[in-house]
There are 2 protein chains.
Amino acid sequence: VSAEKRAEFRRLHHGSEPLLLPNAWDVASALALADAGFAAVATTSLGVAAAAGRPDATGSTLAETLRLARTAERISCPFSIDLEGGFGSEPAGVADVAERVAEAGVAGINLEDGRQDGTLADLDRQAEIIQAVKERVPDLFVNARTDAFWLKVDNPLETALARISVFAQAGADGVFVPAIADEADIRAVVGRSTVPVNVLYLPGGHTVAALGELGVRRVSLGSLPFRAALHATVQTARAVAAGEAVEGGIPGYDDIVQLIGEG
Amino acid sequence: VSAEKRAEFRRLHHGSEPLLLPNAWDVASALALADAGFAAVATTSLGVAAAAGRPDATGSTLAETLRLARTAERISCPFSIDLEGGFGSEPAGVADVAERVAEAGVAGINLEDGRQDGTLADLDRQAEIIQAVKERVPDLFVNARTDAFWLKVDNPLETALARISVFAQAGADGVFVPAIADEADIRAVVGRSTVPVNVLYLPGGHTVAALGELGVRRVSLGSLPFRAALHATVQTARAVAAGEAVEGGIPGYDDIVQLIGEG
């Protein structure tokens, strides 16, 4: 089953439209997004960390990430897991983590080069990590993320272009450049990349269709669905407090019971 | 600090308006609801269980519930934890669990008499459990829930009235009758109870103000905020897929980083 889902996940990067990946942070959100019919589901490290009460991108949620990875077996579509920086700086250690989530049935992973101190990881070392992961789990889709734009480094475009080339040479199956927004920058990355390019959806920015016309093959929602969930939680409670009607369409208790099943 | 919050939580059951309790299921939702200014925050066992991918009310989320209880130290308002049936059927065992969440700083707990097979727990045993908890942690607010209406037993009103009397005699600080909806039933429960009465908010039913006029002292949102969150997650992803604008007011990445803090 995992092999089929991995092949399917790879194919989804070469469809007529970009692959739109909604991001879950716990089992319920993963099941709900899969149930809603999305072709694949990914995860948001901000959501996973915040749900556990910890800061994002600090490598502190390995246990939660491994638990969430097991949801792969419960959904029919491919599931891709954000591994932040890989929960370690040693290639063999990151490969161990990748192997564990692969054994749980996930179809792909994200590995980012942004580090906790706001700098980018050493490029050679990051390439060694990607290579080690691909050697260990060849059919796992490795989406290599560069945080050149996200962390606002000097010359983000040049930095991103240099990094995605190295990542692809190291075996990455795709590259992810979150926070890239300008059409010219996106075109430059797409033009240079030998593997499918993933960008983050930015509210008010390009639509998925427009990104597809620029050559983007995958669009992630990142933490947006998680943040929308928190917003709805607070707004619902405020509406009740104010004596106002709550929004329609909210699933009932029995709908959730059915969604989760026997666990 | 715990003692002050417990005294404050008790006082909130005797204000001019009913205490409106929004229910969280993870650290992020608890922090967001506290940050939004609600006087106190509670938890939803459906949400806690679903987030972990397990069925509600089956006593399978003790670890998650204990972890969530520790959020009490991170919020300035009182925090009340749903313990389902108490994660055990022995009074001493339930008292152990209550003591552990009390040590984490929570102000109150919910203990329900509905059992996994859809029946109500033995009434004498349930009274022993409440008594054991109150002896162990006297200042913890014990909200004793009867599922007579929730489980649609025969003669739910008579059953509920009999049970809340026993619960209050056993030391319960409040009684909770979820799924009660008819004005006459609510008036009957309020008229009989010697302790504050808690009901579940039902969308389209009585407003919080109307419930206050009926004598209700506490209104819980139950799993509604959690279900609203899941709904918003799916709707947000669908809006992006359809090229539509996402809802306004959603907090940004940095807002969540600030909400969670250093963990």
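Me: What makes the meeting of the side chains of A:D139 and A:R6 a salt bridge?

Reply: A salt bridge needs a side-chain nitrogen of Lys or Arg within 4 Å of a carboxyl oxygen of Asp or Glu. Here N to O is 3.1 Å, so the pair qualifies under that rule. The two residues sit 133 residues apart: A:R6 in helix α1 (residues 2–11), A:D139 in the loop between α6 (123–136) and β6 (141–145) of chain A. Helices (H or I, at least four residues) and strands (E, at least two) are DSSP runs, numbered from the N terminus.

Me: How many salt bridges does this rule give over all chains?

Reply: The count is 26. This is a predicted model: local features need pLDDT of at least 70, side-chain atom pairs count only at pLDDT 80 or more, and totals for chains, interfaces and linings use all residues. Side-chain values use heavy atoms, without hydrogens and water.

Me: Why are the two copies said to be related as by a two-fold rotation axis?

Reply: Chain A is laid on chain B by a turn of 180 degrees and a shift of 0.0 Å along the axis, with an RMSD of 0.0 Å. The copies are thus related as by a two-fold axis. The superposition is by least squares on C-alpha atoms of residues with pLDDT of at least 70 in both. In chain A, A:A229 comes closest to the axis, at 2.0 Å (C-alpha).

Me: How do you know that the copies meet through the same surface?

Reply: 100% of the interface residues of chain A are also interface residues in chain B, so the surface is the same. Contact means heavy atoms within 4.5 Å.

How values were computed
Residues numbered from 1 in each chain as written. Chains lettered and ligands numbered in written order.
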